[in-house]
Amino acid sequence: MLHLKKIAAVFTALFIFSLSIIHLSAQPLKKLAAFTHADTLRGTYGPTRDWWDVLKYDLHVKFNITDSTISGYNVISYKRIKPVNKMQIDLQEPMIIDSIKYKVSNQEYKLDYTKDGNAYFFLLPKTSPENADKRADIAVYYHGKPRIARRPPWDGGLIWKKSKDGSPWVSVACQGLGASVWYPCKDHQSDEPDSAEMHITCPDSLMCVGNGRFRGKTSNNDGTATYDWAVVEPINNYCIIPYIGKYVHFSEVFKGEKGDLDMDYWVLQENLEKAKTHFADAGRMMKAFEYWFGPYPFYADGYKLVDAPHLGMEHQSATAYGNGYQNGYLGRDQSGSGWGLKWDFIIVHESGHEWFANNITSKDIADMWVHEGFTNYSETLFTDYWYGKEAGNAYCIGTRRGIRNDIPIIGPYNVNQEGSGDMYPKSGNMLHSIRQVIDDDEKFRAILRGLNKTFYHQTVTTQQVESYINKQSKKDFSKVFDQYLRTTMIPVLQYKVEGNKVSFRYDSVVTGFNLPLKVSFGKEDKSEQWIKPTAEWQTLTLADWYDKKTFIVNPNFYVKTRKVE
C-alpha cells in the first residue's frame, strides 16, 4: 500500500506535467510515468533548498581502485537568503553519510540528521541576525561503493575500467542521474556553486585530471597522491568530474575574442601521437563557436579535452572525449548528408555545450532542450562556418531522420525528468526554421551571442529563452515554441491547385500557429515568395508563367506538405 506522501507526490507531479503540455489536439503520449515521493524530493526546488545559495564545493575524495569504493567529505559553503534553518543535502544510495558538521564564525557544531531515501535533512543551529546572509560551511563526511554505470554516459555512475596497458582508468558520468551519485551536494541544476575545488587521492602511479586549473600534487608516502584542481567560475554539479588514469599532456594557446585561451589535452599515452593531429578540430570548433556564440565562457578556467572511458560528456572546462579519434559519431554521419564525416562529432557537440548547458543552464532538466537543442544546432553552425551555408542546411535537414515524435520535448517539471530525446534534432530543426523566418544571419547571430551575454553564467527557464528570442527578433514565435516543444505534432501544410489559383492552410497545429514559409512553384523556378499560412484556407492567384502543377516549400522549414483534392 502506497504511503500517503507518495500518493500525493504522484498526483502533484501528474498535475504539473499536464500544465506543461499544450494538448490542443496533440497526439497522445506513448507513456506517462508514475512519479514517486523520491522524484519530488529530487526534482523540486522546495523549502529545504530555496533559502540558501551554494557558493562553493570543496571536495576531498579518495578513490580506492582495488574495491571500487570512495570516501571523503565535501565542504559546502553557502549563503542564507531566507530566514530558514532546515536544509536538504542529497547523496544517492548505496553511498552513506557518516557525519555532518556546521561551521560559522569560527564555531563548529555536529548535527543530527534524518534520511528519506536519497535525501538527508537536518536543522542548523539558530544563528544570530548578524550571521544571516553571511557565509557558512557544512562539512559532509561520507563513504561507500557508488553505483556503477553500466552504459555510460547514458546510464550514469562510476566508471571503473582499464586502458590498453592494463592501468586503471576511472571517471564519472552523471548528467540526469545527478552528482549526488558520488558526492553529497544540493543536487538541483538551478543552483550552481560559484567555484569548486577537487582534491582527489588515488594511486601515485596515475594522474588525476579535473575541471579548471591544476593546483598541484601532494605525495602521501603510502603509494597514493592527492591531486588538486580548482574552477573559479560557476559550474553545474554534474560537470564536476575527475578522470584518473595514465595521462600525458600537451597544449596550445588559442587567440580568442578575450585574449589567450589555454587549450589543454590530457590523453592516454597510447593516444598521444594521433591526438596531436586529430585534436585540430578543437581549434576549428573554438573559432566557429566564438563567431556564432560569442567568447568562450570560461577563459579563467581554460579549455580541456580529456580521454574518457566512455563516449563523451560536456564536463565544463574538461570535456570528456571517447570517440575513437575518428570523424563523425563513432565513424557515422547521423545526418546522412556526408557533411557529418568532415569533423569529429564529440569534439564539436560536447564543446558546444560550454555555451549552451554550462554557460546557460536550464533550472529544471525538463527544459533540457535549452542545452541539447542549441548544441545540436551548433553542429549545423559549425558546418556552415567551415563548409558553407548549403552544407549546413543539408546537415540540419538530414538530422530529421532521427526524430521520433514520441513524447513532447519539454518534460514534466519538479520531478527531475527530461522530455523526449527529440530535444536534439527536433529542437535543432525548430531553431533552423526560426532562423529562416528571421531571414537575416547577422541578426540571428546577434541573438545567439546575446543569449550568452545576457544569461552569462546563469540558470534559466524555457520562458526566458523564448521571450529573449521574441524580443530581439521582433517576431512572435510563441506558437512555434508551443508546437515543437510542447506537442508531438509536425505542422502539415495542406494545399490544392485549381487553375491558376493555389490554396493552402495548416493542419495538425496548435491554435494560432503562424510560422511563415518560403515557397516556389515549379522545379525550374528559382524565385521564392513568402506565405503566411494559418489554420484557415488562403488563396493565391498565380502568374501565367508559374508551373501550376507544382508547389514546393523550402526544405529548410521543418513542416510536412500534403496535397488535397
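Is tryptophan 52 buried or exposed, and what is its relative accessible area?

Mentor: Tryptophan 52 is buried, with a relative accessible area of 0% (buried means under 20%, exposed over 50%, partly exposed in between, with a 1.4 Å probe and protein chains only). Keep in mind that this is a predicted model, where local features need pLDDT of at least 70, side-chain atom pairs count only at pLDDT 80 or more, and totals for chains, interfaces and linings use all residues. Residues are numbered from 1 along each chain as its sequence is written, and side-chain values use heavy atoms, without hydrogens and water.

The whole structure holds 45 aromatic pairs (Phe, Tyr or six-membered Trp rings with centres within 6.5 Å; planes under 30 degrees apart are stacked, over 60 edge-to-face, the rest tilted). Take tryptophan 52 and tyrosine 78: their ring centres are 5.7 Å apart and their planes stand at 80°, so this pair is edge-to-face. Tryptophan 52 belongs to strand β1 (residues 52–64) and tyrosine 78 to strand β2 (residues 69–80), so the partners are 26 residues apart (strands are DSSP E runs of at least two residues, numbered from the N terminus). Tyrosine 78 is buried as well, also at 0%.

Tyrosine 506 and phenylalanine 513 pair up too: with centres 4.9 Å apart and planes at 70°, they are edge-to-face, and both are buried.

Back at tryptophan 52, lysine 186 lies over the ring face, 4.4 Å from the centre (NZ of Lys or CZ of Arg within 6 Å of the ring centre and within 35 degrees of the ring normal). Elsewhere, arginine 445 lies over the face of tyrosine 291, at 4.0 Å from the ring centre.

Key. Helix = DSSP H or I, 4+ residues; strand = E, 2+ residues; numbered from the N terminus.
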